[in-house]
Amino acid sequence: MGRRFLLVVLSLFAAAGVAQAQGPGRIVGRVMSAEGNRPVFGAAVVLAGTSLGTVTDTAGRFILANVPAGTRRVQARRIGYISANLTVTVSSGEAATAEFSLVASPIQLEEIRTVGFGTQEARTVTGAVATISADKIKDIPTSDPMKAIQGRVPGVEVVASNNEPGSAMQVRIRGVRSLTASNEPLYVVDGIPISGGIQDFNPAIIESVDILKDAAATAIYGSRGANGVILVTTKKGTLDGRNHSSYTLDSYYGAQSAVKVIKMMNMQQYVQMLRDGAAYNNGSFGGDTSLAKILAGQSFVNGVPKKLYAYTNGIETDWFDTVLQNADQKSFQGNLTGNTPDTRYTLSGNYFGQGGLIPGQGYRRSSGFASVNHTKGRLNVGASANSARIYQDIGEGGGAFGYTAAMQPFGSPYNYTNPDSLGLYDPRPDDDQLNIN
């Protein structure tokens, strides 16, 4: 009896030792694309036959925790790629490595698609969801992320509200829906709906932009998504179970100049046009095509009509050449990203400056972005902050270009009618009461 009891006790200890030896491990690795060997973001990595799974980060890395010890089959899949399978051996308390290389497959779809805070079948949202990645956003040197997606998404119209530097872009998804209510889409940044647009966001902090275009895709947001939804995902640090950090510095400088400017008539050509018009229409000026008739006006210089005085003395101005100017555009960007085994963080700072093609206009923005995410088991806590200080000079506004095109070539921007006021602006250089300097 004593021997039997002793054997039972020893068997229990042995079983406990085996159970402890067969404790869970983990699988770490990366998912890369076969074409170009680039990281695949958002790929699903699952343990076959179980509910264990995870998603790759921006660097294509993943960590699959609490994996039972033994030989396991792991699958990686992503929409647009052919699924890949690997067999790995997991040891208790240790990390096994799995490196995937996915081949592009333009006809393959996932069974579900994440939309807002829920998921829907891919067949209900195919063609209704468009994604713009960070690589495409950074290709366009601009202060507004929405300008970077201009012309890239079918059914989405992105136009500038005006030509002033820093002006907001007007976004219309599937056309105008209302004549009286707002037609602006709903913007959701990292899962949080915000009021207004994202024109003040630094494009360098955006990981991707998803545009939901139809009712099936936007149903999760109710009436707020009636004009479409734009989901913005900001960049986060990588989480690969190691301690490391990295920084990047980026800058560019560019020059701006007006192109395809309308070629206007000079003073001689304009006067000839007036003479031809008067000669063609005998009723005008009684058929008189003399300069005194066609250049008559309301203002006089030494008893001579102002336009006639300007013509006689050769005082003329190419207003487009006078008003339009060259300008510069520059950006300075710094990023710091890093992580510990359970925390990832991102810090970013940016200065953007853009001059105006019309004097008195310009745009300058200083912005900062910080993000931190902590993961412990099932607990995932994150916080992010974005701040910007903006100076926008609007000058004469959008009317300046219109006045420039309407100006007659007579006169000078500066007052030549009074020698004592040389250097001061002339409010009516061409003596037209509808045009101002």
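Me: In β6, which residue is the bridge partner of threonine 71?
Reply: This is a predicted model, in which local features need pLDDT of at least 70 and side-chain atom pairs count only at pLDDT 80 or more, while totals for chains, interfaces and linings use all residues. Residues are numbered from 1 along each chain as its sequence is written, and side-chain values use heavy atoms, with hydrogens and water left out. Strands are DSSP runs (E, at least two residues), numbered from the N terminus, and two of them pair if DSSP finds at least two bridges between them. Strand β5 (residues 70-77) and strand β6 (residues 84-90) run antiparallel and are joined by 7 bridges, and in β6 the partner of threonine 71 is threonine 89.

Me: Which residue in the turn between β5 and β6 has a positive phi?
Reply: β5 and β6 form a hairpin, with 6 residues between them. The residue in the turn with a positive phi, of about 95°, is glycine 80.

Me: How many residues apart in sequence are the parts that the pair of phenylalanine 62 and phenylalanine 100 ties together?
Reply: The structure holds 6 aromatic pairs, where rings of Phe, Tyr and Trp (its six-membered ring) pair if their centres lie within 6.5 Å, and planes under 30 degrees apart count as stacked, over 60 as edge-to-face and the rest as tilted. Phenylalanine 62 and phenylalanine 100 form a tilted pair, at 6.2 Å centre to centre and 50° between the planes. Phenylalanine 62 lies in strand β4 (residues 61-67) and phenylalanine 100 in strand β7 (residues 95-102), so the separation in sequence of the parts tied together is 38 residues.

Key:
Helices (H or I, at least four residues) and strands (E, at least two) are DSSP runs, numbered from the N terminus.
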